[in-house]
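Here are my notes for you on this one. Keep the structure open beside you and go through the points in order.

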Amino acid sequence: MSPECGQFRIDRNAAASKTAQVRENRLEYPVMATILASNDDSVEGSSSTNRVPHWKAEMKQAVRSGRELCELVGVAREISNLSAEADFPVFVPPSYVRKIEFGNSADPLLKQVIGVSEETQGFGQIDAVGDLPAQRAPGVLQKYAGRALLIASGTCAVNCRYCFRRHFPYDDAPKGKQLAAAIDQLTEDPAIEEVIFSGGDPLTLSDSTLADLVARCDSSTGLRRLRFHTRLPVVIPQRINDELLGWVGRLRLPITFVMHFNHVNEICDLAIQRLHALHRAGANLLNQTVLLKGVNDNPDALCELSNRMLDARVMPYYLHQLDPVRGAMHFEVPVQKGRAIVDAMRKRLPGYAVPRYVCETAGEQSKTPL
Ligand SMILES: *Cc1c(COP(=O)(O)O)cnc(C)c1O
Ligand code: SF4
């Protein structure tokens with residue numbers, strides 16, 4: 001069975017230890033009852049079985065300390081490192097914490113979100129993919145023909161330790177009215193056919209802001225496509241709510257969501273259900289994965305991920321070689337090993353289920369096939 005992600009309680013480890021108790025208290029949403037009583041907007045869904053916390057409640061209750069995270073998932077708190085956290089904060093919503101296996105310090109999801117001492121070794125670059133020289137306006141990146149990427153939000157649903165934008169100057173990115181202005185500039189440029197909402201995570205914007213920005217794109221005559229790069233459907237699947245499905249369904253332009261699942265344990269029943277809904281609303285669904293040492297660097301893990309993605313109507317798109325970002329180098333898998341993994345996948349999967357293994361090189365005109 002896939003891990004639960006939309007439930008109010010988790011009982012995967014009912015051990016009566018103190019740690020288990022701490023974890024349960026935290027993850028049972030002690031404040032949800034009050035929110036429930038006071039404000040109906042705080043939950044999604046109408047039937048009692050379908051009720052999950054509002055995605056914003058998940059964000060609010062995110063674990064922001066590595067030590068606390070260790071306690072919640074029953075591993076030694078010494079794994080977490082404070083200077084790593086000072087460089088890049090820990091941020092993990094309860095919905096993601098619940099998918100981490102209790103007591104497993106090598107858990108593939110825990111590794112993606114816990115700040116460790118290896119991050120502080122100082123190898124790697126601050127702007128590994130050349131984002132800064134590619135800015136055509138604050139928060140608008142153009143590297144490739146026909147498409148431009150908008151840093152629509154500096155906030156994410158989870159802080160991934162390997163993030164290639166962990167050092168990005170989000171404070172300078174457009175906000176509020178500046179976002180609308182940035183979109184207008186792009187839609188007026190005849191060379192731009194596709195606007196890519198990225199970040200951070202664009203789905204951390206409110207439904208009304210998103211509906212407004214997307215409508216702006218949709219009414220322009222020059223654009224042909226829209227795209228969202230997001231990890232919210234992975235981390236807090238209930239973000240795919242009725243409002244979002246509403247505007248997706250009303251769009252004239254084709255829209256593609258590029259999700260970011262790295263491991264099958266990130267997939268849960270709620271995610272599959274909401275992805276189906278997004279697909280029914282008319283969106284194309286793709287997935288990109290970062291090849292991460294100790295997380296998914298073997299054919300079994302990635303074949304299973306591809307298969308489960310297809311079950312959820314999501315097409316595997318890219319398998320990214322890690323960008324050489326300072327603080328993330330301990331996740332690096334040698335390209336030779338990556339190639340062997342993809343070769344093994346090709347022998348086991350239909351061609352369309354094998355993602356393109358690529359890296360990003362600053363200054364190149366596309367992602368580079370490996
Ligand atoms: C990766 C990236 C894209 C998207 O590239 P595709 O190959 O079209 O998926 C677009 N713009 C920027 C700046 C990127 O880094
Ligand atoms: S969601 Fe994306 S942008 Fe945000 S921390 Fe993770 S990899 Fe980076």
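1. Surface first. The chain has an accessible surface of about 15,900 Å², and carbon and sulfur atoms own 50% of that. Areas like this come from the Shrake-Rupley method with a 1.4 Å probe, and for residues only the protein chains shown count as cover.

2. Before you go on, some housekeeping. This is a predicted model, where local features need pLDDT of at least 70 and side-chain atom pairs count only at pLDDT 80 or more, while totals for chains, interfaces and linings use all residues. Residues are numbered from 1 along each chain as its sequence is written, chains are lettered from A and ligands numbered from 1 in the order in which they are written, and side-chain values use heavy atoms, with hydrogens and water left out.

3. Now the overall build. You'll find 14 helices and 12 strands in the chain; these are DSSP runs numbered from the N terminus, helices being H or I with at least four residues and strands E with at least two. Of the chain's 370 residues, 55% count as buried (under 20% relative accessible area, with exposed meaning over 50% and partly exposed in between, using a 1.4 Å probe and protein chains only). Take the contacts (heavy atoms within 4.5 Å) with a separation of 6 or more: 78% of them join residues 24 or more positions apart.

4. Where does ligand 1 sit? The space taken by ligand 1 is the largest pocket. For the record, a pocket is found on a 1 Å grid over the protein atoms alone, as an open set of points with protein on both sides within 12 Å along at least five of seven lines. Strands S4 (140-144), S5 (147-153) and S10 (315-320) each give at least two residues to the shell around ligand 1. Among the residues surrounding the ligand are Lys143, Ile196, Arg227 and Glu360, where being near means having a heavy atom within 4 Å.

5. The side chain of arginine 147 has an N or O atom 2.6 Å from an oxygen of the ligand. For tyrosine 317, the side-chain distance to a ligand oxygen is 2.6 Å, and for tyrosine 318 it is 2.6 Å. On its own, ligand 1 has 390 Å² of accessible area, and the protein covers 93% of it.

6. Serine 153 is in strand S5, and it counts as buried because its relative accessibility is 8%. Its side chain makes a polar contact of 2.8 Å with the side chain of threonine 204, and also reaches the backbone nitrogen of threonine 155 at 3.0 Å.

7. Is histidine 263 buried or exposed? It is buried, at 11% relative accessibility, and lies in the loop between strand S8 (255-259) and helix H12 (269-280). A polar atom of the histidine 263 side chain is 3.0 Å from the backbone nitrogen of asparagine 265. Beyond four places in sequence, histidine 263 touches Pro108, Leu109, Gln112, Val295 and Leu305.

8. Finish at leucine 278, in helix H12. With a relative accessible area of 0%, leucine 278 is buried. Its contacts beyond four places in sequence include Ile240, Val248 and Phe257. Leucine 278 and phenylalanine 257 are 21 residues apart in sequence, with their C-alpha atoms 9.1 Å apart in space.

Key. A polar contact is a pair of N or O atoms within 3.5 Å; within protein, one must be able to donate a hydrogen and the other to accept it, and residues adjacent in sequence count only if both atoms are side-chain atoms. On a 1 Å grid over the protein atoms alone, a cavity is a set of points where a 1.4 Å probe fits but cannot get out, and a pocket is an open set with protein on both sides within 12 Å along at least five of seven lines; lining residues have an atom within 4 Å of a point. A molecule sits in a cavity or pocket if more than half of its atoms lie within 2 Å of its grid points.
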